[in-house]
Amino acid sequence: MSKEEKTDVLGRKVWDKEKYAEKARAKADMTDEDLLKAMTKTKVEKEPPPPHMRTLLQRREGELDLEGGVGKTQIITSHASKAQQGGYWCETCECLIKDSLAWLDHINGKKHNRLLGMSMKVERVSADKVRAKLEALKHKQQQQKEGGDGDDIESRLEKARQEEADRKQKKKKK
């Protein structure tokens, strides 16, 4: 207890009436604008760029780690920050999402992509570009079939195993 707090015979706090009367007078003297400022949220909302400065919707770079917390135990306290309270934390929007389906909906959603500086419009592609891409994929597939003997499959499997092992090592280091 501080020295200023007074107690009665039973040990209960006795309120300092002059102190609280002074606070009430100060609050009554405040203008409407001051009251409005005091009552509004102090959290600064992120502003998306204006529509004419947004880019077209782009492909996501990097993988989503939806299974990163599976099988792990995490102790959550009431005093932990939002980012440490369990779930998926979005740095861009500064929000906490509790399940993976809602997380996917969020990162593919309008609000999140606007804060990233993208509109929800997709680049229009001509039919010629689509045909060229399909031809390139067909050509690549034919090359794989022609050069596809047992050694090639074994090397690809070994490469996939190595990538999986590297991914597991990175996960353990985190």
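This is a predicted model: local features need pLDDT of at least 70, side-chain atom pairs count only at pLDDT 80 or more; totals for chains, interfaces and linings use all residues.
Colleague: What is the average pLDDT of the protein?

Modeller: The average is 85, and 91% of the residues score at least 70. pLDDT is the predictor's confidence in each residue, from 0 to 100. Helices (H or I, at least four residues) and strands (E, at least two) are DSSP runs, numbered from the N terminus.

Colleague: Why is the pairing of Arg-25 and Glu-22 called a salt bridge?

Modeller: The term requires a side-chain nitrogen of Lys or Arg within 4 Å of a carboxyl oxygen of Asp or Glu. Arg-25 and Glu-22 meet at 3.0 Å, N to O, so the pair qualifies. Both residues lie in helix α1 (residues 17-29), three residues apart, about one turn of the helix. The general idea is that side chains of opposite charge can pair when their charged atoms come close.

Colleague: What makes Arg-25 partly exposed?

Modeller: Its relative accessible area is 47%. Buried means under 20%, exposed over 50%, and partly exposed in between (1.4 Å probe, protein chains only). Arg-25 therefore falls in the middle class. Glu-22, at 44%, is partly exposed too.

Colleague: How many salt bridges does a search of the whole structure find?

Modeller: Five. One of them joins Arg-131 to Asp-128, with the closest N and O atoms 3.2 Å apart. These two are three residues apart in helix α5 (residues 127-146), about one helical turn. Arg-131 has a relative accessible area of 51% and counts as exposed. Asp-128, at 57%, is exposed as well.

Colleague: How do you know that Glu-158 and Arg-161 form a salt bridge?

Modeller: Their closest N and O atoms are 3.8 Å apart. The cut-off is 4 Å, so the pair counts. Both lie in helix α6 (residues 150-173), three residues apart, about one turn of the helix. Glu-158 is partly exposed at 44%.

Colleague: Why is His-106 called buried?

Modeller: Its relative accessible area is 14%, so it is classed as buried. His-106 sits in helix α3 (residues 100-107). Leaving aside neighbours within four places in sequence, His-106 is in contact (heavy atoms within 4.5 Å) with Cys-90, Cys-93, Cys-95, Ile-97 and His-112. Lys-82 is 24 residues from His-106 in sequence and 17 Å away in space, C-alpha to C-alpha.

Colleague: What makes Glu-94 stand out?

Modeller: Glu-94 has a positive phi of about 55° although it is not a glycine. Most residues other than glycine have a negative phi. Glu-94 lies in the loop between β3 (88-90) and β4 (95-97). At 36% relative accessibility, Glu-94 is partly exposed.

Colleague: What is meant by a pocket?

Modeller: On a 1 Å grid over the protein atoms alone, a pocket is an open set of points where a 1.4 Å probe fits, with protein on both sides within 12 Å along at least five of seven lines. Lining residues have an atom within 4 Å of a point. Grid points are joined across faces, edges and corners, and a volume is the space filled by probe spheres set on the points. The largest pocket holds about 560 Å³. It has 15 lining residues, and Asp-65, Gly-68, Gly-69, Gly-87 and Tyr-88 lie nearest its centre.

Colleague: How does the lining of the second largest pocket divide?

Modeller: Two nonpolar, no polar and 11 charged. Ala, Val, Leu, Ile, Met, Phe, Trp, Tyr, Cys and Pro count as nonpolar, Asp, Glu, Lys and Arg as charged, and the others, Gly among them, as polar. The lining of the largest pocket divides into six nonpolar, five polar and four charged. The second largest pocket has about 410 Å³ of space. Closest to its centre are Glu-63, Leu-64, Asp-65, Arg-167 and Lys-171, out of 13 lining residues.

Terms used. Residues are numbered from 1 along each chain as its sequence is written. Side-chain values use heavy atoms; hydrogens and water are left out.
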